[in-house]
Amino acid sequence: MTQRLRGLVLHLRSRAIPATLLVFLAAAVLTWAGHRLDDPGTARAVGLIAVVLGVAAVARTLAGPDEELERGTPVRWRLVRALHVVLLGGVLFGLLAAARAAADRPTHAVPFGSLALAVSALTALTALAAALFGAHAAWAPPVGWALLMVAIGPRPTRFEQALTWLVQEPRTDTSTTVAVGLTVLGAVAYTLRGSRR
């Protein structure tokens, strides 16, 4: 094993990537099981909860055990942080989309576009929370907000659509704008700043 490859393996272990991938797989199984339910509304809610489960696991990966030591190494950390968030979000979306396709019940599933926005926005919101509060608490804002949205369901006014962007069916311009805005803001904040110490 080369020194560069050994360093990559150590970095992935220090960021709990193997455990996170296991949680992603569990979220994919939950997605598949949820889409097998008879009630389409419940199936969609379970699909969104699976997204929340996967995103919650991302929080632990956003900081290493010794951030100061990592920042002192000659690595382009902004690029590493950007790739980190994009790749984790992409892997989670890929697994959830594959589970959705395997269930083969499109009328019961979260639409692909909504699934992509949910994964990207909640992953980026987790990254934003890490930049603001630290990785140890980064799971709380996306999980709390998402579960509240699933519990109360979609709302009609523009302001309420912004607050319940995750559960709008079909998606509105307001909910899409909020999701895209969270994605950009969270990714940029974490890329530039990293996790708060």
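**A buried histidine and a helix crossing**

His-84 has a relative accessibility of 13% and so counts as buried, the cut-off being under 20%. The model is a predicted one. His-84 lies in helix α5, which covers residues 77–103. Apart from neighbours within four places in sequence, His-84 is in contact with Arg-15, Ile-17, Thr-61 and Leu-62.

Burial also marks helix α6. Of its 22 residues, 16 are buried, so α6 is largely enclosed by the rest of the structure. The length of α6 can be checked against its residue count: at 1.5 Å a residue, 22 residues should span 32 Å, and the end C-alpha atoms are 31 Å apart, which agrees. After α6 comes Gly-134, with a positive phi near 105°.

Helix α6 (residues 112–133) packs against helix α9 (residues 173–193), their axes coming within 7 Å and crossing at roughly 40°. The two helices are therefore oblique to each other, since angles under 35 degrees would count as roughly parallel. The crossing is left-handed. On the α6 side, the contact is made by Leu-117, Ser-120, Ala-121, Ala-124, Leu-125, Ala-127, Leu-128, Ala-130 and Ala-131. From α9 come Thr-176, Ala-179, Val-180, Leu-182, Thr-183, Leu-185, Gly-186, Ala-187, Ala-189, Tyr-190 and Arg-193. By class, this contact between α6 and α9 has 15 nonpolar, four polar and one charged residues. Arg, the residue type at position 193 of α9, counts as charged, whereas Gly is placed among the polar residues.

Notes: Residues are numbered from 1 along each chain as its sequence is written. This is a predicted model: local features need pLDDT of at least 70, side-chain atom pairs count only at pLDDT 80 or more; totals for chains, interfaces and linings use all residues. Side-chain values use heavy atoms; hydrogens and water are left out. Axes are lines fitted to C-alpha atoms, for helices over the stretch in contact, and angles run from 0 to 180 degrees between N-to-C directions. Helices (H or I, at least four residues) and strands (E, at least two) are DSSP runs, numbered from the N terminus. Angles under 35 degrees count as roughly parallel, over 145 as roughly antiparallel, 65 to 115 as roughly perpendicular and the rest as oblique. A crossing is left-handed if the near helix is turned anticlockwise from the far one by less than a right angle, and right-handed if clockwise. Contact means heavy atoms within 4.5 Å. The expected span of a helix is 1.5 Å times one less than its number of residues. Buried means under 20% relative accessible area, exposed over 50%, partly exposed in between (1.4 Å probe, protein chains only).
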